Amino acid sequence: RRIAPFFADCRRGFVLAFVGAVIAAATEPAIPALLKILLDDGVKQSTIPLWAVPIAVVGITFIRGFAGFMSQYGLAWAANRGTQTMRRSMFRRVLDAEPALFTRNTASNLVNTLTFEVQNGANQLVYSLQSLVGDTLRFAALIGYLVWLNWQLTLFVAILLPAVAYVMRKFSK
């Protein structure tokens, strides 16, 4: 809540990053789907020609790369914009600070706080948000693909996996 006002005018960057993350997550199950066609059908006659599979894999990789670039660019733009806003606010506070602040702290310490610590904090915050959103979207896309392939098996594994993990944890002790 305290940092959110500094990033209030960065919505365009966050929207660009979110759109890039959604596109990247949507293409995540496409590679296994194409490889499924290639591995299941092999060189047999399938609905799509065999030469189209590598072209599709390269195309999807290109789309994922461009979506990743969009996401990184949007987040970098938002982080830099938020960092500038924080620095301006901190600099105004330093200008109005009591003189004892300058006797307690060295100039290099104050400059370090205004430049590097703000940048590192903003970058960590923004990129942790990217990891959270990107991984959540990828997980949802892959789970959706698994449900689409075989919902009974997916449900069975979703129920069985925690039980197996619990048993393995107990027996490993």
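**A guided tour of the predicted chain**

Begin with the charged side chains: the 17 positive charges (Lys and Arg) and 8 negative charges (Asp and Glu; His and the chain ends are not counted) have mean positions 5 Å apart, each charge being placed at NZ of Lys, CZ of Arg, CG of Asp or CD of Glu. The model is predicted, so local features need pLDDT of at least 70 and side-chain atom pairs count only at pLDDT 80 or more, while totals for chains, interfaces and linings use all residues. Residues are numbered from 1 along each chain as its sequence is written, and side-chain values use heavy atoms, without hydrogens and water.

Next, display the whole chain as a cartoon. The C-alpha trace spans about 80 × 50 × 25 Å along its principal axes.

Now select the largest nonpolar core: Phe7, Cys10, Ala17, Leu75, Ala78, Ala79, Met86, Val118, Ala122 and Val126. Such a core is a set of buried Ala, Val, Leu, Ile, Met, Phe, Trp, Tyr and Cys residues joined through side-chain atoms within 4.5 Å, where buried means under 20% relative accessible area with a 1.4 Å probe, protein chains only. Helix 3 (52–95) and helix 5 (107–149) each supply at least two of its residues, and helix 3 gives the largest share, four.

Finally, centre on Val118. Beyond its neighbours within four places in sequence, Val118 is in contact (heavy atoms within 4.5 Å) with Thr83, Met86, Arg87, Met90 and Thr113.

How values were computed:
Buried < 20%, exposed > 50% of the residue type's maximum accessible area, 1.4 Å probe, protein only.
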